[in-house]
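Trainee: Could we take a close look at one part of this model together? I'd like to go through the charged side chains slowly.

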Amino acid sequence: MTRFIRIAKTLLVTYYAYMLEYRAELFLWALSGALPFILMGVWMQAAESGEFGLNAIDFARYFLAAFIVRQTNVVWVIWDFEKEVVQGKLSNRLLQPLDPVWHHFASHVSERFARLPFIFGLVLLFFALYPQSFWLPSLGRFLLFLLVVVLAFCLRFLIQYTFALFAFWIERASAIEQFWFLIYLFLSGLVAPLEVFPPAVREVVLWTPFPYLIHFPAAILIGLPVDVGRGLLVMLGWGAVFFVWNRWLWRQGLKQYSGMGA
C-alpha cells in the first residue's frame, strides 16, 4: 500500500506540474466546452412556450451543471495511446513495472485539478450574468454529486481506453471514438436534458451508459428527480462490462504488438 501511494503521488505531482506549463491552453480547453451555454439559450427561449417540464431557470441551472460535469470528464487517452502504439513508444512504457494506463489516468486526474480555477471563474461569471439562476445544493446532495461525477469520469475514461486498445489492430482507433461521440452528444444529456425526451425513448436510453456521463450527475446537482440506486447500479454494470472487455483486449493486443516486432 505504501508503495502504491508513493507511485500515485509521484505520478500526480509530476503530471500536475506538466499541466501547469500549459495554463493558457487549459483555459482554451475549458472554453471549448462551452457548448452547454450555447444550447442553454436555445432551451430557455423554447421554455417560454410552456411545453416542457422545465422552466427557463431550470434549463439555465441544468446546462450550468452539464458544463461542470463535462469539464470533469473530458478524456483524450485514445489519441495518446494510439500515437504510442503507432510510433512504437509504448515499448518503453512496457519496460516499466507499471501498467501504462496509470500514466494516462494520472495525467487526466492532474489536469482536472489544474483546470479547476478556470471552471470556478466561469461559474462565477455565469452567476454574474444570470443571478436569478443562483442556487446552493444541500451538503448531502453535493457529496452525492461528487461521488457520481468521479464514477462518471472513471466510466468515461474506461470506455475510451477500451476503444484505444483497438490501436493494436488498426491505425485510426480514434475513428471509433469519433463515432461514439456523435451518439454520446445526443444521448448523454449534453444537447438536451432527458426530461424533454419522449418517455419511451428516455426509458431505453436510461439502460445505456450515455446519460450517466452527463445527465445523471447534473440532475443530482440541481435537484431533478432521478433514481439514484438504479443509476449507480447501471454505471457499475457498464463499468464491469468494459473492464472485462478492456483486460481481454489488452492481453490480445500485447500479443499482436509483440508479433509485429515491437
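How many salt bridges does the count come to?

Mentor: Keep in mind that this is a predicted model. The count comes to seven salt bridges, so let's walk through some of them. Start with R172 and E82, whose side chains meet in a salt bridge at 4.0 Å, N to O. R172 sits in the loop between α8 (139-164) and α9 (174-187), while E82 belongs to helix α5, so this pair ties together parts that are 90 residues apart in sequence. E82 is buried, by the way, because its relative accessible area is 8% and the cut-off is under 20%.

Next, D99 pairs up with R247, with 3.3 Å between the closest N and O atoms. You'll find D99 in the loop between α6 (90-94) and α7 (101-129) and R247 in helix α12, so here the parts tied together are 148 residues apart in sequence. D99 is partly exposed, at 22% relative accessible area.

Now for a local one: R115 and E111 form a salt bridge, their closest N and O atoms 2.6 Å apart. Both lie in helix α7, four residues apart, which is about one turn of the helix. R115 and E111 are both buried. There's a network here too: salt bridges with shared partners join E111, R112 and R115.

R156 lies over the face of Y184, 4.8 Å from the ring centre, and R230 lies over the face of W207, at 4.3 Å from the ring centre.

How values were computed. Residues are numbered from 1 along each chain as its sequence is written. This is a predicted model: local features need pLDDT of at least 70, side-chain atom pairs count only at pLDDT 80 or more; totals for chains, interfaces and linings use all residues. Side-chain values use heavy atoms; hydrogens and water are left out. A charge sits over a ring if NZ of Lys or CZ of Arg is within 6 Å of the ring centre and within 35 degrees of the ring normal. Helices (H or I, at least four residues) and strands (E, at least two) are DSSP runs, numbered from the N terminus. Buried means under 20% relative accessible area, exposed over 50%, partly exposed in between (1.4 Å probe, protein chains only).
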